[in-house]
Amino acid sequence: MSHVPRLAPRPPRLSVIVPAHGAANLLPLSLSALVASDLPRDQWELIVVDDASRDGTASVAAGFADVVVRLTGEPRGPAYARNRGAEVATAPILAFIDADVRVHRDTIRRFVDILESDQRLAAVSGSYDAAPPADDAVSQYRNLLEHWRHQTTVGAPVFCSGCGAVRSEDFLRVGKFDEWQFRRPQVEDVELGDRLRNAGRLSVRRGDVQATHLKSWTLGSAISADAWDRSLPWARLVDAPRAEQHLGRHRRWSAEGMSSALVWLALALSVAAIVGGPRWALAAVLVLGVVCYVNRALYAFFIQVRGPGFLAYALPLSLLGFLANGFSVTAGRALRAIVGDAPPEPSVQAFAEVGLRTWPPVRARRPDDA
Amino acid sequence: MIPLNDPVPDTDSARGARHSVVVLSTGQEETLSRAVTALRDQLSDREVEVVVVCASRDAEQRGREFADAGARIVVAPPAAPEALLRGIGLAEAHGDVVTFVWDRQLALPHS
């Protein structure tokens, strides 16, 4: 796969690929954690792909990495960057670690151990831990919610590109990340996991392979990520009903979908209460009570890890999230039905049709779409 | 210097990239000789830019030897920390894909 000359005596067991854009402040944390891993350093290679940063990301990466890939021009998104990293990787296993993820000492060693010991597995994903360092309420809520989502899908056949590993041959066979459709950090990993399943390859989430998510969230970025970069593309670009079916007992979107519908109903009842009186308001409260009941395990988790006071922040943020998700999923399904897949930029499509090859390369279609 | 790749059409996008190899060296005689041998063996027929960043003032004397092996030598302050060597290497390299390797880690012929 690689055209980089092999200079070391032995090929590595693992290639760790870190896509980075404007991450000069985070990379020292994430890359130093990787370098401190208990997998001997000569058994893995570190590839950092600088996605057209303007903040010295490449220079910081050079202090740690075995290979730095420099992409110029406009940022093209993590799916594109990870694909470029995979193209210069030399190991049979690829681990994708985001620039804002700090691995635990054993994370990448466990990836290698799991995939080397079970040849049936094509991919394994880790979980974010319950100790996110960003201490404001929104960041705590959002990062703990991710931990909860990961832990409640342990064993599920999903792939997570923030902290996950996949066999190189399977990654190539299914056509890499879909850089054609996903131009921002969205659900490109969910979609890749879907393709692995459709190809009959096993992937699994492990709860005991953990990493720390360093991301700081604002209210706007949290809602935007959930609504525009997760729910909407999930509903529009991934065959959501089929993907849900694959998840089997790990299905979570059904509960989230029901919660979203109930929160919208409660909102409608609250509006009706303005003219209809307190009975409507009582009905709205009852509906919100049902939402709390449906999500009682999540709220109990928040209380358990951050105390009852944290629920004062988490509950409204959670309800707001359900509102945004409900809107986005509806919009995504409507777009999928009416418009279909999002078209690429006209110039990209034209270059791709002509077969123009430059560096950085023109965004590529997946082989089965070509 | 070995000529860089042209960004020409090819079947694999990575082939369109220009590759640079930055060899980090503390300037020890033994490892520098090893680097020259390894570079001659592995890179002489490739279109790869090779930059040797050497933390030793004496390294300049070996410039011609490295040039024959297809590499360009850049002298760094003696005892410069690794991060500085890597930073110098990245700044000196023109490649889109920059590979870093220590001279002592270079594979010798038939190793």
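Reply: Chain A has 14 helices and eight strands, where helices (H or I, at least four residues) and strands (E, at least two) are DSSP runs numbered from the N terminus. The radius of gyration, taken over C-alpha atoms with a globule rule of 2.2 Å times the number of residues to the power 0.38, is 21 Å for chain A, close to the 21 Å that the rule gives for 370 residues, so the chain is as compact as a globular protein of that length. This is a predicted model, in which local features need pLDDT of at least 70 and side-chain atom pairs count only at pLDDT 80 or more, while totals for chains, interfaces and linings use all residues. Residues are numbered from 1 along each chain as its sequence is written, chains are lettered from A and ligands numbered from 1 in the order in which they are written, and side-chain values use heavy atoms, with hydrogens and water left out.

Me: How many residues does the largest nonpolar core have?

Reply: A nonpolar core is a set of buried Ala, Val, Leu, Ile, Met, Phe, Trp, Tyr and Cys residues joined through side-chain atoms within 4.5 Å, buried meaning under 20% relative accessible area, exposed over 50% and partly exposed in between (1.4 Å probe, protein chains only). Here the largest has 51 residues, and helix α4 (residues 107-117) of chain A gives the most to this core, with five residues.

Me: Is Asp100(A) buried or exposed?

Reply: Asp100(A), in the loop between β4 (93-97) and β5 (101-103) of chain A, is buried.

Methods:
Lys, Arg positive; Asp, Glu negative; His and termini not counted. Salt bridge = Lys/Arg side-chain N within 4 Å of Asp/Glu carboxyl O.
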